[in-house]
Amino acid sequence: LNDYRVVAHGPDTGAYVAMAKRLLEANLALSGLGAQCHFWTEDAPDPYLIKYRLDMLATAGLPIWITEFNVVAADENTRADFVETAMRAFYGHPAVEGILLWGFWDQ
């Protein structure tokens with residue numbers, strides 16, 4: 001599975017976890033959960049919210065992959081800080097097995 005609005009923005013986190021658990025209970029072979037992480041606003045990623053949402057995803061008992069990760073900030077130093085904040089939160093979570101970047105080489 002792979003979906004958005006479950007880590008960077010979290011209105012669908014609970015529904016996503018519930019769907020994964022239903023599919024697992026139906027003996028569907030899921031190899032992991034993908035979480036698209038587009039931080040579209042110029043606000044810094046919140047590592048506490050990231051951890052909270054990753055903890056929710058981890059209750060499905062599957063490896064988590066961060067997919068389509070990107071941040072937005074006009075200033076490149078701010079953008080680098082945002083990337084560092086999010087990456088530390090992702091890599092710091094035991095269920096996260098990998099991170100895929102989105103648009104890293106665009107500019």
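## Helix α2 at a glance

Let's start with helix α2, which spans residues 47-58 and has twelve residues. From its first C-alpha to its last it reaches 16 Å, close to the 16 Å expected at 1.5 Å a residue. Please keep in mind that this is a predicted model.

At the N-terminal end, α2 is capped by D46. A side-chain oxygen of D46 lies 2.8 Å from the backbone nitrogen of Y48.

## Two sides of α2

Which residues of α2 are buried? They are I50, R53, L54 and L57. Seen down the helix axis, the buried residues of α2 fall within an arc of 100°, so they line one face of the helix. On the other side of α2, Y48 and Y52 are exposed.

What covers the buried residues of α2? The cover includes the helices α1 (13-25) and α3 (76-91), along with the strands β2, β3 (64-71) and β4 (96-101).

H38 counts as buried because its relative accessibility is 9%, and the cut-off for buried is under 20%.

The side chain of H38 is joined to that of E68 by a polar contact of 2.8 Å. Leaving aside neighbours within four places in sequence, H38 is in contact with E68 as well as A8, H9, N70 and W102.

Key:
Residues are numbered from 1 along each chain as its sequence is written. This is a predicted model: local features need pLDDT of at least 70, side-chain atom pairs count only at pLDDT 80 or more; totals for chains, interfaces and linings use all residues. Side-chain values use heavy atoms; hydrogens and water are left out. Buried means under 20% relative accessible area, exposed over 50%, partly exposed in between (1.4 Å probe, protein chains only). A polar contact is a pair of N or O atoms within 3.5 Å; within protein, one must be able to donate a hydrogen and the other to accept it, and residues adjacent in sequence count only if both atoms are side-chain atoms. Contact means heavy atoms within 4.5 Å. Helices (H or I, at least four residues) and strands (E, at least two) are DSSP runs, numbered from the N terminus. The expected span of a helix is 1.5 Å times one less than its number of residues. The arc is that of the directions from the helix axis to the C-beta atoms.
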